[in-house]
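Hello,

Here is the structure for you to look over. My notes on what turned up follow below.

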Amino acid sequence: MNQHHYVAIMAGGIGSRFWPQSRTAYPKQFLDILNTGKTLIQWTFDRFAHFLPAENIFVVTSEEYVSIVLEQLPGIKPENVLAEPSRKNTAPCVAYISHKLAKIDPEASLIVAPSDHMVLDTEAFEKVALQALDFASQSKAFVTLGIKPTYPNTGYGYIQHETESAAENIYKVKTFTEKPDLEIAKSFLASGDFLWNAGIFIWQVKNVIKAFEQYEPEMNELFVAEQDNFNTDKEKEAINRIYPLCTNISIDYAIMEKADNVYVIPSSFGWSDLGTWNSAYDNLEKDYLGNAVAGNNVMIVDATKCMISAPHNKLVLLQGLEDCIVVDTPDALLICKKDKEQEIKEYVAEVKRSKGDQYL
């Protein structure tokens, strides 16, 4: 294992599209969405611990989730769990871990990855991740992992790359595109040079700090001004001063879309971002009627192609439903059509307007 290789697992989101199972107080990265016996963040930590030193694994999360992270990841050093005082998207999160790591190890190379994605082929993932770390340090490049698309998904961002490779299976990025409509997604698939954006980034820490200096100088200055406090008992106070002043912006917008040294590795390692109940449905075993069930006490009568999640200790009987999402929790029940899953966020906003925060 290379001692200069690190990972930052981002675990601060609230996963509202997995409502009502995912709640603000206990979001989806801490849940066993697929009924596997492990939560999503546990799968993510174990995936990286297989080829990185455990002491080099960091988790960046919300202050309110620190105790959950420590409970679910007994293998992590408590000082490696970084608490964000507010949600400011991914750019401040990357700036925080980068400036902290620069003081620990000036030669650090870093993988930044979400905590709630699924990877089925961990060997293929490890191979690609190590290739990316190697290329990033040799070429001063920013590397992202792109997933070879299998259908025109409108819920993912896309990466377009050059047709000629810069190194073995590594291509210069031409454009990043936000979630497209169906017709555009179909044209992306037909063109052959577009990949799904997996939101996994690899670079040397010193190079990403240079990019912050160039593209986000005001945010970078906030961290530079406090750098003497990182890795001391004054770090928490410093972060509490920095975060209210940070722009709410993603690392994609802040750096990746502006930098001219961004490369992508087309990858196939059984990836899903598990962003919606439909993606959970895709990754669960189905019965002969096409129903996917997460729960040990569900009975189905004449229901087809449904996604059902229910507590193990509660009997749930379904009859007559087709193409529905059914999620039962002790205090909330969601039943909606699968093709309306992108609107669950809007339903949650309506719940907040009507009922306050009680069910969020």
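The protein is split into domain 1 (5–272) and domain 2 (281–355), with bounds from an automatic or database domain assignment. This is a predicted model, in which local features need pLDDT of at least 70, side-chain atom pairs count only at pLDDT 80 or more, and totals for chains, interfaces and linings use all residues. Residues are numbered from 1 along each chain as its sequence is written, and side-chain values use heavy atoms, without hydrogens and water.

The C-alpha centres of the two domains are 30 Å apart. Together the domains bury about 1,400 Å², 59% of it on carbon and sulfur atoms. Buried area is the accessible area (1.4 Å probe) that two parts lose on being put together, summed over both. On the domain 1 side, Arg17, Trp19 and Asn35 supply 43% of the area buried against domain 2, more than any other three residues.

Next, helix α1 (residues 40–49). Seven of its 10 residues are buried, meaning under 20% relative accessible area (1.4 Å probe, protein chains only). They are Leu40, Ile41, Gln42, Thr44, Phe45, Arg47 and Phe48. Their cover includes β1 (5–10), β2 (57–62) and α4 (122–139). Helices (H or I, at least four residues) and strands (E, at least two) are DSSP runs, numbered from the N terminus.

Last, a helix pair. Ile209, Phe212, Glu213, Gln214 and Tyr215 in α6 meet Pro217, Met219 and Asn220 in α7.

Best wishes

Notes:
Buried means under 20% relative accessible area, exposed over 50%, partly exposed in between (1.4 Å probe, protein chains only). Contact means heavy atoms within 4.5 Å.
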